[in-house]
Amino acid sequence: MKKNRIIQLSIWITKSVIAIVALVSLLTVIFVIHWHMDAAFYKNLYLVNGFQAGLNSFNLRFSGNELTNIRLSELGSATIVWIFIRNAVILAFVLVILNMIIAVLKSISNLETFYDQNIRNFRKIANIGFVLTLIAFFNFGTVDGVTSWNFTIPFQPLLFSSSFLVLAEVFKEGKRLAEDSKSIV
Amino acid sequence: MKIVVNLDVVLAQKKMKLKELSEEIGISMTNLSLLKTGKARGIRFSTLMLICKALDCQPGDLLAFEA
């Protein structure tokens with residue numbers, strides 16, 4: 001049977017993103033270890049806009065406004081570890097989500113579209129999205145003994161979760177219709 | 001209240017087996033069994049027509065309403 005090209009392309013793209021996320025995770029680990037060995041190495045690297053809440057809170061730049069950006073070499077060890085843990089958890093969840101998406105795409109590619117496992121995967125992805133929403137809600141960091149807290153309403157992961165909940169319901173309805181259709185002789 | 005499919009009755013009257021009917025009209029034994037055992041949720045007109053033609057009967061011979 002001829003394979004659906006769009007599904008195959010989506011699988012390929014998702015696998016590529018997984019590879020990139022895995023690489024970023026590895027670089028993050030290397031960074032944390034190296035920072036502890038030689039923090040001064042990062043004196044020209046700035047954390048842009050401080051400790052932002054949200055999912056994309058690790059923006060780095062090689063030059064920066066000293067008022068809003070923080071040199072990585074000035075951060076304390078605890079803050080570096082917190083940044084690492086927070087981003088590691090986010091990246092881990094993203095990897096889990098991407099692997100589930102690949103499982104769904106492969107299932108659809110095998111014409112097993114409206115299966116219970118796909119519905120369960122969509123619900124799990126939505127739940128993970130809600131956890132990411134909680135993580136993205138806040139962030140904090142300490143520089144020179146001063147701790148700054150940041151909060152935000154993370155619309156992106158919230159909308160992402162809602163979308164996958166809707167997808168789960170659509171596939172559930174699709175399963176019901178497919179079963180109805182199968183039992184019509 | 002339900003619609004009852006009397007396929008087994010008509011098959012007996014015409015002295016035909018389910019397998020023979022399946023081979024004649026090209027519908028799988030599985031699907032015909034669903035029909036015969038009342039587990040089918042519906043029947044297409046095209047299927048009904050094929051069965052009636054093969055068994056030389058009317059749709060009313062196959063289907064009955066049970067209150």
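Tutor: An axis is a line fitted to C-alpha atoms, for a helix over the stretch in contact, and the angle between two axes runs from 0 to 180 degrees between their N-to-C directions. The model discussed here is a predicted one.

With this term in hand, consider chain B. Helix α2 (residues 18–25) of chain B and helix α3 (residues 29–36) of chain B have axes that come within 9 Å and cross at roughly 120 degrees. The crossing in which α2(B) passes α3(B) is right-handed.

Helix α1 (residues 5–37) of chain A packs with helix α2 (residues 77–109) of chain A at about 165 degrees, their axes being 9 Å apart. Angles over 145 degrees count as roughly antiparallel, and α1(A) and α2(A) are therefore described in that way. Here α1(A) passes α2(A) in a left-handed crossing.

The patch lies on the surface and consists of A:Phe130, A:Ile153, A:Phe155, A:Leu158, A:Leu159 and A:Leu165, with about 560 Å² of accessible area together. One of these residues, A:Phe155, lies in helix α4 of chain A. The cut-off for an exposed residue is over 50% relative accessible area; A:Phe155, at 54%, is therefore exposed.

Side chains of opposite charge can pair when their charged atoms come close. The structure holds six salt bridges over all chains. In one of them, the side chains of A:Asp116 and A:Lys175 meet at 2.8 Å, N to O. This pair links distant parts of the chain, with A:Asp116 in helix α3 of chain A and A:Lys175 in helix α4 of chain A, 59 residues apart. A:Asp116 is partly exposed at 37% relative accessible area, and A:Lys175, at 21%, also counts as partly exposed.

A salt bridge also joins A:Glu169 and A:Arg123, whose closest N and O atoms are 3.1 Å apart. Because A:Glu169 lies in helix α4 of chain A and A:Arg123 in helix α3 of chain A, the pair ties together parts that are 46 residues apart in sequence. Both partners are partly exposed: A:Glu169 has a relative accessible area of 39%, and A:Arg123 one of 31%.

Helix α3 (residues 116–137) of chain A also contains A:Asn127. The C-alpha atoms of A:Asn127 and A:Ser161 are separated by 6.9 Å, although the residues are 34 apart along the chain.

Finally, helix α4 of chain A reaches the other chain. The side chains of A:Asp180 and B:Arg41 meet in a salt bridge of 2.6 Å, N to O. This pair crosses between chains, from A:Asp180 in helix α4 of chain A to B:Arg41 in the loop between α3 and α4 of chain B. Salt bridges with shared partners join A:Asp180 and B:Arg41 with A:Glu173 and A:Arg176 into one network. Buried means under 20% relative accessible area, so A:Asp180, at 18%, counts as buried. B:Arg41, by contrast, is exposed, with a relative accessible area of 61%.

Conventions:
Residues numbered from 1 in each chain as written. Chains lettered and ligands numbered in written order. Predicted model: local features only at pLDDT ≥ 70, side-chain atom pairs only at ≥ 80, totals over all residues. Heavy atoms only, no water. Patch = residues over 30% accessible without salt bridge, like charges linked within 9 Å, V, L, I, M, F, W, Y side chains within 5 Å. Areas by Shrake-Rupley, 256 points an atom, 1.4 Å probe, with all protein chains shown as cover. Salt bridge = Lys/Arg side-chain N within 4 Å of Asp/Glu carboxyl O. Helix = DSSP H or I, 4+ residues; strand = E, 2+ residues; numbered from the N terminus. Buried < 20%, exposed > 50% of the residue type's maximum accessible area, 1.4 Å probe, protein only. Left-handed = near helix turned anticlockwise from the far one by under 90°. Parallel < 35°, antiparallel > 145°, perpendicular 65-115°, else oblique.
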